[in-house]
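Keep the viewer open as you read.

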Amino acid sequence: MPTVAPHRRKKNRNGTYFAVLLFLALLSIAVGAVLSVRHAERSEKLSAETPSFSLEPPDTELPSFPLASAPSADDPLLVLVNRSHPLPADYAPALTKLSDWDLSVASVVYKPLSQMLSDGRAEGLRFQICSAYRTREEQQALFDEDVARYMAQGMTEAAAIEQTERYTMHPGCSEHETGLALDIVSLDNQLLDETQSQTAETQWLHAHCWEYGFILRYPPEKGDITGISFESWHYRYVGTEAAQYLHENNLTLEEFWAQAAQ
């Protein structure tokens, strides 16, 4: 048998080995390309399914603050509005219309609101603003509507008014008339009830809203202080420093003003 044959067989085995490696490498590249295209198509689809939110973000990122000191009671963002502290009849905030909802907010709220919702959306959350600024006339109509609804359920007028006051302020006494208050819920659950606090959107807002200058206005354990039952969806803008101070000291606006009066 010729001596060259073993050498030739070995050479062929090496060639086959390298051919297999080359094939696997090309196959890996092809699969990666297909997955990349599918990922891009899926991302585009998800983006198309996500509601648009075209508010422009702030020019700069919101700053971080050291431990906050007590804000000034003269800060107009800290105006206290409730049954005992109605707004002046001529109160007229400067407003900015939201582009994705037929609603307006106080102009000072526009940029921090945009940043907060944009950051939440970046984490896959989907928000719905269901209420913002209301005129006094709109607040009156809302109050009357709630009273009528309870009376239709068999309540007396006095009982219906008492029940309405647990969640809805009299005209002139609602924070919504300042443009500083918003009701924000999950797009997938727009019920204003106890289930709202279980949504990912609401839990994220509760954890982070103070970083953008908002507070949860009516927390569950403070109903006897605020006079309003727990509303997991109602946020009030007070500015970043004041929000941090109220958050770190677990204070409602009523408690802050009680301290300021001392």
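How many disulfides does a search of the whole structure find? The search finds 0 disulfides in this model, which is a predicted one. As a reminder, a disulfide is a covalent bond between the sulfur atoms of two cysteines. Cys-130 is partly exposed, with a relative accessible area of 35%. Cys-209, by contrast, counts as buried because its relative accessibility is 4%, and buried means under 20%.

**Strands around β4**

Let's move on to the strands. On one side of the pairing list is strand β3 (residues 127-131), which joins β4 in the antiparallel sense over 4 bridges. Within that pairing, Gln-128 of the model stands opposite Val-185 in β4. Strand β6 (residues 234-237) also pairs with β4 in the antiparallel sense, here over 3 bridges. If you want a landmark for this second pairing, look for Asp-183, whose bridge partner in β6 is His-234. When you follow side chains along these strands, remember that in a regular strand the side chains alternate between the two faces of the sheet.

**Aromatic rings**

Next come the rings. A search of the whole structure finds 4 aromatic pairs. Two of them are set out below.

| Pair | Geometry | Centre to centre | Angle between planes |
|---|---|---|---|
| Phe-127 and Trp-204 | tilted | 6.2 Å | 50° |
| Phe-214 and Tyr-237 | edge-to-face | 5.1 Å | 65° |

Phe-127 lies in strand β3 and Trp-204 in helix α5 (residues 200-208), so this pair ties together parts that are 77 residues apart in sequence. Phe-127 counts as buried at 7% relative accessibility, and Trp-204 counts as buried at 8%. Together with Tyr-212, Phe-127 and Trp-204 form one aromatic cluster.

What does the pair of Phe-214 and Tyr-237 tie together? Phe-214 lies in strand β5 (residues 214-216) and Tyr-237 in strand β6, so the pair links parts that are 23 residues apart in sequence. Both Phe-214 and Tyr-237 are buried.

There is also a charge over a ring to find: Arg-149 lies over the face of Tyr-150, at 4.8 Å from the ring centre.

Arg-217 lies in the loop between β5 and α6 (223-226), while Arg-236 lies in strand β6. Are these arginines buried or exposed? Arg-217 is buried, with a relative accessible area of 1%, and Arg-236 counts as buried at 0% relative accessibility. The two are 19 residues apart in sequence and 5.8 Å apart in space, C-alpha to C-alpha.

Which side chain has a polar contact with Arg-217? It is that of Glu-175, and the contact is 2.6 Å. A polar contact of 2.6 Å also joins the side chains of Arg-236 and Glu-175. Beyond its sequence neighbours up to four places away, Arg-217 touches several residues, among them Leu-80, Val-81, Thr-226, His-234 and Leu-253.

**A buried valine in a loop**

Val-109 lies in the loop between β2 (104-106) and α2 (110-122). At 0% relative accessibility, Val-109 counts as buried. Leaving aside neighbours within four places in sequence, Val-109 is in contact with Gly-179, Leu-180, Leu-182, Phe-214 and Tyr-237. Val-109 and Gly-213 are 104 residues apart in sequence, with 8.8 Å between their C-alpha atoms in space.

**Helix α7**

The last stop is helix α7 (residues 240-248). Its buried residues include Thr-240, Ala-242, Ala-243, Gln-244, Tyr-245 and Leu-246. What covers the buried residues of α7? The cover includes β5, β6 and α8 (253-260). After α7 comes Asn-250, whose phi is positive, near 50°.

Key. Residues are numbered from 1 along each chain as its sequence is written. This is a predicted model: local features need pLDDT of at least 70, side-chain atom pairs count only at pLDDT 80 or more; totals for chains, interfaces and linings use all residues. Side-chain values use heavy atoms; hydrogens and water are left out. Two strands pair if DSSP finds at least two bridges between them. Helices (H or I, at least four residues) and strands (E, at least two) are DSSP runs, numbered from the N terminus. Rings of Phe, Tyr and Trp (its six-membered ring) pair if their centres lie within 6.5 Å; planes under 30 degrees apart count as stacked, over 60 as edge-to-face and the rest as tilted. Buried means under 20% relative accessible area, exposed over 50%, partly exposed in between (1.4 Å probe, protein chains only). A charge sits over a ring if NZ of Lys or CZ of Arg is within 6 Å of the ring centre and within 35 degrees of the ring normal. Contact means heavy atoms within 4.5 Å. A polar contact is a pair of N or O atoms within 3.5 Å; within protein, one must be able to donate a hydrogen and the other to accept it, and residues adjacent in sequence count only if both atoms are side-chain atoms. A disulfide is a pair of cysteine sulfur atoms within 2.5 Å.
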